[in-house]
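Q: I would like to go through this structure with you, one region at a time. Could we begin once it is on the screen?

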Amino acid sequence: MIDSYRMLKEYIAADLERITEKKPSFGDGMKLYFHPQGTTFPYIFWFRVVQYLKAKHRWMAVIPYLRMRHFEFKYGIHANTNISVGKGLLIVHGGAVFMNCKSIGENFTIYQGVTLGSRKYGQKYKDEIPTIGDNVTIYTGAVVCGEITIGNSVRVGANSFVDKDVEEGRTIKGVMR
């Protein structure tokens, strides 16, 4: 979790760096916030702010949470704010993205139409969710579900279905059962 203001700035800068592919300036942040052009930076920004405020001053997270919800509906993204997400989060395009994991590592890239979560519905299955490693990319339409671990540097191809552990460095295409 983000537990200091300095960490919050580092996380947002790392997220911006993934989008701009260079050391971001304040102007880059403003441009991407007001004119995202295919990225979902406004959602990522408020997601980080909410995570920081929930850890420090829970009552202060109400207004930023509402702002995050606005962008959640605008971009079609839902991410559980209780999960730990490493630096360099990149959500490309948005649109039907659902992220509910135990944790997500650094430099995580996710495309539109992806579901990360439980295989079953209900309170007793709420903890049966994936853990995602560092440098993972999940492409359009993929589903990763169940209490599994996706290793570091894994790529999950478009429209793939994964419900078993994936070792480090693998590329998954199609159904992995």
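Q: Is Gly174 buried or exposed, or something in between?
A: This is a predicted model. In it, Gly174 has a relative accessible area of 31%, so Gly174 is partly exposed.

Q: Where does Gly174 lie?
A: Gly174 is in the loop between β14 (171–172) and β15.

Q: What does Gly174 touch, leaving aside neighbours within four places in sequence?
A: Gly174 is in contact with Ser160 and Phe161.

Q: And how far is Gly174 from Ile138?
A: The two C-alpha atoms are 12 Å apart in space, and Gly174 and Ile138 are separated by 36 residues in sequence.

Q: Ile138 brings me to the core. Which members of the largest nonpolar core touch the most other members?
A: They are Tyr43, Met99, Phe108, Leu116, Ile138, Ile150 and Val162, out of 51 residues in this core. Two or more residues come from each of α1 (5–20), α2 (26–34), α3 (41–56), α4 (62–75), β1 (77–79), β3 (90–91) and β4 (97–99).

Q: Which element gives the most?
A: That is α3, which gives 9 residues to this core.

Q: What surrounds Met99?
A: Setting aside residues up to four places away in sequence, Met99 touches His78, Ala79, Asn80, Ile83, Ile91, Ile104, Phe108, Ile110 and Leu116.

Q: How many bridges join β7 to β10?
A: There are 3 bridges between β7 (residues 115–117) and β10 (residues 143–145), and the two strands run parallel. Leu116, which is one of the core residues that touch the most other members, has Val144 as its bridge partner in β10.

Q: And what about the sheet of 4 strands; what is its order?
A: That open sheet runs β2-β5-β8-β11, again with parallel pairing. Because β2 (84–85) and β11 (149–150) each have a single partner strand, they stand at the edges, and one side of each is left without a neighbour in the sheet.

Q: How many bridges pair β2 with β5?
A: There are 2 bridges between β2 and β5 (residues 103–104), in the parallel sense. Among the residues involved, Val85 has Ile104 as its bridge partner in β5.

Q: Now the helices. At what angle do the axes of α1 and α2 cross?
A: They cross at roughly 75° and come within 11 Å. That angle falls in the range of 65 to 115 degrees, so α1 is roughly perpendicular to α2.

Q: Which residues make that contact?
A: Leu16, Ile19 and Thr20 contribute from α1, and Asp28, Gly29 and Leu32 from α2. By type, the contact of α1 with α2 has 3 nonpolar, 2 polar and 1 charged.

Q: How do α2 and α3 pack?
A: Their axes are 7 Å apart, at an angle of about 110°. At that angle, α2 is roughly perpendicular to α3. The residues that meet are Gly29, Leu32 and Tyr33 in α2 and Phe41, Pro42, Phe45 and Trp46 in α3. This contact of α2 with α3 divides into 6 nonpolar, 1 polar and no charged.

Q: What about Thr40, then: buried or exposed?
A: Thr40 counts as buried because its relative accessibility is 0%, which is under the 20% limit. Thr40 lies in the loop between α2 and α3.

Q: Which residues does Thr40 touch?
A: Not counting residues up to four places away in sequence, the list is Tyr75, Ile77, Ile91, His93 and Gly94.

Q: One last topic, the backbone. What is the phi of Glu21?
A: Glu21 has a positive phi of about 60°, although it is not a glycine. Most residues other than glycine have a negative phi. Glu21 is in the loop between α1 and α2, and at 71% relative accessibility Glu21 counts as exposed.

Q: And what is the phi of Asn135?
A: The phi of Asn135 is near 55°, a positive value in a residue other than glycine. Asn135 lies in the loop between β8 and β9 (137–138), and with 38% relative accessibility Asn135 counts as partly exposed.

Technical notes:
Residues are numbered from 1 along each chain as its sequence is written. This is a predicted model: local features need pLDDT of at least 70, side-chain atom pairs count only at pLDDT 80 or more; totals for chains, interfaces and linings use all residues. Side-chain values use heavy atoms; hydrogens and water are left out. A nonpolar core is a set of buried Ala, Val, Leu, Ile, Met, Phe, Trp, Tyr and Cys residues joined through side-chain atoms within 4.5 Å. Buried means under 20% relative accessible area, exposed over 50%, partly exposed in between (1.4 Å probe, protein chains only). Contact means heavy atoms within 4.5 Å. Two strands pair if DSSP finds at least two bridges between them. Axes are lines fitted to C-alpha atoms, for helices over the stretch in contact, and angles run from 0 to 180 degrees between N-to-C directions. Angles under 35 degrees count as roughly parallel, over 145 as roughly antiparallel, 65 to 115 as roughly perpendicular and the rest as oblique. Ala, Val, Leu, Ile, Met, Phe, Trp, Tyr, Cys and Pro count as nonpolar, Asp, Glu, Lys and Arg as charged, and the others, Gly among them, as polar.
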